[in-house]
Amino acid sequence: MTTEQPQPSFRFVENTDPVSDARRREILADPGFGDHATDYVAAIRWSGRSPEEGTWTDPRIEPRAPLPLDPASAVFHYGQEVFEGLKAYRHADGSVWLFRPEANAARLNRSAERLALPALPPELFLASLDELVRRDHRWIPDGEGTSLYLRPFMIATEPFLGVRPSREVLYEVIASPAGNYFGTPEPVDIWLSTTWARTHAGGTGFAKCGGNYAASLLPQLEGEAQGCKQVIFTDRNREDAVEELGGMNVFFVTRDGKLVTPELTGTILPGITRDSVIHLAQDHGIEVEERTVTLGEWREGVASGQIAEIFACGTAAVIAPMGRLLSERGEIPAPAQTNGEITTWLRDQLVGIQHGTVEDPYGWMHRVL
Ligand SMILES: *Cc1c(COP(=O)(O)O)cnc(C)c1O
């Protein structure tokens, strides 16, 4: 956590027209999620002959502004893009912290490799977050359960219509204040699309890339038409093995207090929240099984009471209880408990560590300010 490496130096370009104090205060009073831009971005350019051979240059913090990009930029045509998502939390003493940013650095590079994008040295990734959060510190809300959401991303910027990996890449971090996720959330009903998949074996499921989200939007619309806020994806070639939601991993809690979550097969995004839930549970004597869970097991488990709680997890909503599963083939009712004991305990632990009210024995928190 306390490495004494010299920080890569970021050039600073001041924003001479920042959002006014009054307007910022108004936004921070009710930030929502992803609706508002801060004053700055972190940016680094890359150029090279192949994803393995190139250089990152000119790291800088500069005013948030539209990007000037040629319409032939590869990202617009072939979707060569990856991203990350994490939050900066202001603790009661005013200090500011990130949650497991090294894990985001590692995942960004696994995603980048799959999309034939260059790896970003983890120390540059961490420095880009630190530097941006320091410059945008006025944008970190201090209300209960609030945070500054950080969105690092990498795009192929070379103007070239041939099909090969881009020789020019832009990495940026943008930020947006995020509202309260505390309290007891309402269980969400989930839509199962029997027509569409978000990914498939050998695809990009394990990579955090825009393409997976593009593929999930149509089924999400289907779900919304049925009153469902979230969509779940299953593998039809493996007896409808449960994979995950459009942007969250899934856990089942059994009647005897065990956690069961789909194993990472390559079609599931390895969530950092998922990994943290597994650690927390195991350290407190809760058994965790990573294995296949079919739709059939879900249906029978809820009917028999063997499945007591079901929740989804991810950085944005942390831990969200799941209710009914709806599909064209019928419905699986909500489990017996929707904000059950284990769901609630895990949420309290995780949110507590992130916001500094529960001790962090893992060194998960990284101090920025
Ligand atoms: C980002 C993401 C998650 C959750 O990952 P966290 O690291 O926990 O935020 C789960 N599924 C998908 C598809 C995602 O893109």
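Is threonine 267 buried or exposed? At 6% relative accessibility, threonine 267 counts as buried, where buried means under 20% relative accessible area, exposed over 50% and partly exposed in between, taken with a 1.4 Å probe on protein chains only. This is a predicted model, in which local features need pLDDT of at least 70 and side-chain atom pairs count only at pLDDT 80 or more, while totals for chains, interfaces and linings use all residues. Residues are numbered from 1 along each chain as its sequence is written, and side-chain values use heavy atoms, with hydrogens and water left out.

**Threonine 267**

- Threonine 267 belongs to the loop between strand 13 (259–261) and helix 6 (272–283); helices (H or I, at least four residues) and strands (E, at least two) are DSSP runs numbered from the N terminus.
- Leaving aside residues up to four places away in sequence, threonine 267 touches Arg198, Thr199, His200, Ala201, Gly205, Phe206, Glu243 and Glu244, contact meaning heavy atoms within 4.5 Å.
- The side chains of threonine 267 and threonine 265 are joined by a polar contact of 2.9 Å, that is, a pair of N or O atoms within 3.5 Å, of which, within protein, one must be able to donate a hydrogen and the other to accept it, and residues adjacent in sequence count only if both atoms are side-chain atoms.

**Ligand surroundings**

- The ligand is surrounded by 15 residues, the closest being Lys208, Tyr213, Glu244, Thr273 and Thr315, with a residue taken as near if one of its heavy atoms lies within 4 Å.
- An oxygen atom of the ligand lies 2.4 Å from a polar side-chain atom of tyrosine 213, while the corresponding distance to an oxygen atom of the ligand is 2.7 Å for lysine 208 and 2.8 Å for arginine 107.

- The structure holds 10 aromatic pairs, counted for rings of Phe, Tyr and Trp (its six-membered ring) with centres within 6.5 Å, where planes under 30 degrees apart count as stacked, over 60 as edge-to-face and the rest as tilted.
- One of these pairs is the tilted one of phenylalanine 12 and tyrosine 40, at 5.4 Å centre to centre and 50° between the planes.
- Because phenylalanine 12 lies in strand 1 (residues 11–12) and tyrosine 40 in strand 2 (residues 40–50), this pair ties together parts that are 28 residues apart in sequence.
- Phenylalanine 12 counts as partly exposed at 32% relative accessibility, whereas tyrosine 40, at 8%, counts as buried.
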